[in-house]
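Subject: Handing over the two-chain model

Hi,

Here is the structure I promised to pass on. Have a look at it first, and then read on for what turned up in it.

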Amino acid sequence: MSHHDTVLDSEILVIGYKESGQKVAENLSVSLKPGEFVSLLGPNGVGKSTLIRTLAGIDEPLGGRVFLKGEPLSNLTPRERARRISVVLTDSLPGAMLSVYGLIALGRHPYTGLMGGLAKDDKERIDWAIQAMGIQDLAIRRFGEISDGERQKALIARALAQEADVLLLDEPTAFVDLPRRVEIVNVLRELAYSQGLAVMASSHDLELSLSFSDKLWLMDFEGTLTTGVPEDLVLQGSVARLFQGESFGWDAESGGFRVHKTPARFARVSGGGEACYWARQALERVGFGLRDDDEVALEVTVSSDANGVPLYQAIIGDRSKTFTNLGDLLAWIGRMDGAVSGHRPKYD
Amino acid sequence: MDRSRIVFSFICLIVLGTVAFLAGICLGSVNIPPFEVIKSLFGSDDAGTLQSAIVLEFRLPRTVTSAFAGASLAAAGLMMQTVFRNPLADPFVLGVNSGASLGVAIALLVLGPGGIVLASQTPLTGSLLVVVAATIGAGASLGLILILSRRVDVTSLLILGLMISYGVSSIVSILIYYSMADRLQVFFNWSFGNFGAVTLGQLGLFIPIVILGLIGAILLVKRLDAFLLGERYAKSLGVGVEGSRLAILGCASLLAGVVTGFCGPIGFIGIAAPHLCRYLFKTSEHHVLVPASILMGALFGLTSDILARAPGLEGTLPLNSVTALIGVPVIIAALLKQKSYQRLFGG
């Protein structure tokens, strides 16, 4: 096995619980390169956290080995390992009395002496980590009184203070609002590029992972791990396979989730631009199949007026009407359905 | 973080501790003016031999013991709370006092009737017997806990400690049930806790062990900080988790064991003093909390002893009741203010 451009890799790794001997997944071969941002995706319970802890040397593998720049992790002293690999875990932390600065300073643990006193370069690195995460305002606050998004940033800053080559994160965007999630993922990717850090983060956020990651590691219940560039994995059907057997599926064409149901009727949408794209979305959502031939119950033509406001001209049978928004269009379709079947309008 | 607050708080603790130390020597069945006390302490003999004798033979050993015992219990409690991430953890939760009780109960109630000299007959032999029995008992239960600590996680260990405590306490109850009244009195006197039982001679053994334990606690400051984040984070920081846990529990056990041996089981200082320090210093970093808890524990011990010998009382109140009456309100206030203990310690 070649190690020359990877910083962390594993070979036929078996992960699981040492005490009970219970395997979670086996035959895992992965590699992380410097400057790479990787997302680990998979349903709950497939062993993402166990994999992260095993790669970080916190849990011991049940079989196989983890290598750090070609050297088996088990050959390193705990202190050496801590200087090379840093983690952000989901473990709960004491809140009220621990200051954010104190938390980040704990990242210097593998470098400080017997009593843990901070030298000048320790303080510089802590300040750099605080700056890198943009949390200067938080440093004097208590960890217990800041928001979930701020906590994740503080935890990442703590890991950065550790000055390691590898940063492994267990769901750093869980419990965080969407703008903060995008911000955190973007910062992690920028750090990977600018610092040459190898970053791997587990996530449940498929869309974000697809658009930001250099590579994906997909882990499924069979315990197999598929790795590759996001777009390749989409085209090979690996991303869709992750959600096999669910009541919904992932559609590679649109890059989004679809609830499986066979459309009872079809619509044809013509026109262009984003208004046309979202009109298709809306019609699919309320149960229309989309096709381009004449065998359709509904025809929608999307255009726009002189001011650029979209116009939706809809035809059902011999009735035709033009709308300026999709809500009115759907309501009209609902009323037409009600007129035919005698039911209450459905799409209001 | 707030350096001036920390310095100010330390100065307050040192001043209050010194005042309590002097008050502990001055106050009692015979009140001795501070000036006379200082004269006795520094050996000018014109102070009057009776007062000198009271100061040197009784008050000084008692006051020194209460300061050192309080400091030990607070440091041991702080270490236990950090390792177990539980605000109510102290050495006694792990069975130190029940183990010591069993040792003393066996010595007094089982071996005693078989011909071993009792405290009431020859005070020195008797009290040393209690010290040795309590220390062996505390050591045995802690040894068991330390062996178990390598096999299970901290929460399981806490529950195991409680179970061992309950089990051992029931054996003690059975021994009590079959014992004679005069032997029981000696046992109960020990179990009430007392800083006054340590003689000037015994201090020569007590103080070095305590100082050894306190130095250990100070040397463990960095590892204790890593344990704040839990064992997984500690491991990711390069801390040998099992070895550190063993060292921390061993150090806490030594401190709690020796105090229990010499002074009896004394509750609440180990919980209340570290709590007060977290409040006063508003930090959870151990390079502040360990020395602060040592000072706070000493102050707590000195205050409890003064109250137990409240002016106008014949003899002393049970020390355990006094520490509980001071400690319980502190813990209740801390919990009410925080609403949830998880905000203090994480889950």
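Predicted model: local features only at pLDDT ≥ 70, side-chain atom pairs only at ≥ 80, totals over all residues.

Two strands count as paired if DSSP finds at least two bridges between them.

**Chain A: domains and sheets**

Chain A falls into domain 1, residues 8-228, and domain 2, residues 265-341. Taken over C-alpha atoms, the centres of domain 1 and domain 2 of chain A are 47 Å apart.

One open sheet of chain A has five strands in the order β15-β14-β16-β17-β18, and its pairing is mixed. At its edges sit β15 (288-290) and β18 (319-323) of chain A, each of which pairs on one side only. On average, and with direction ignored, neighbouring strands of this sheet are turned by 25° against each other. Inside it, β14 (265-270) and β16 (298-304) of chain A run parallel and share four bridges. A:S270 has A:T301 of β16(A) as its bridge partner.

Two packed helices are described by the angle between their axes and the distance between the axes, so here are both values for each pair.

Helix α4 (residues 96-111) and helix α6 (residues 154-177) of chain B have axes that come within 9 Å and cross at roughly 20°. Because angles under 35 degrees count as roughly parallel, α4(B) is roughly parallel to α6(B). The crossing is left-handed. Among the residues making the contact are B:L102, B:A105 and B:L109 of α4(B) and B:V168, B:V172 and B:L175 of α6(B). By class, this contact has nine nonpolar, five polar and no charged residues.

The other pair is helix α3 (residues 49-84) and helix α13 (residues 286-308) of chain B, which pack at about 135° with axes 6 Å apart. That angle makes α3(B) oblique to α13(B), and their crossing is right-handed. The residues that meet here include B:R62, B:G70 and B:L73 in α3(B) and B:G297, B:F300 and B:D305 in α13(B). The contact of α3(B) with α13(B) has 14 nonpolar, seven polar and two charged residues.

**Where the chains touch**

How many residues of chain A are in contact with chain B? There are 30, and they meet 29 residues of chain B. On the chain A side, α2 (78-84), β7 (85-88) and α3 (100-105) each supply at least two residues. The largest share, four residues, comes from α2(A). By class, the residues on the side of chain A that touches chain B are 17 nonpolar, nine polar and four charged.

Over to you, and enjoy exploring it!

Best wishes

Definitions and conventions: Residues numbered from 1 in each chain as written. Chains lettered and ligands numbered in written order. Axes fitted to C-alpha atoms, helices over the stretch in contact; angles between N-to-C directions. Parallel < 35°, antiparallel > 145°, perpendicular 65-115°, else oblique. Left-handed = near helix turned anticlockwise from the far one by under 90°. Contact = placed C-beta atoms within 7 Å. Nonpolar A, V, L, I, M, F, W, Y, C, P; charged D, E, K, R; others polar. Domains from an automatic or database assignment.
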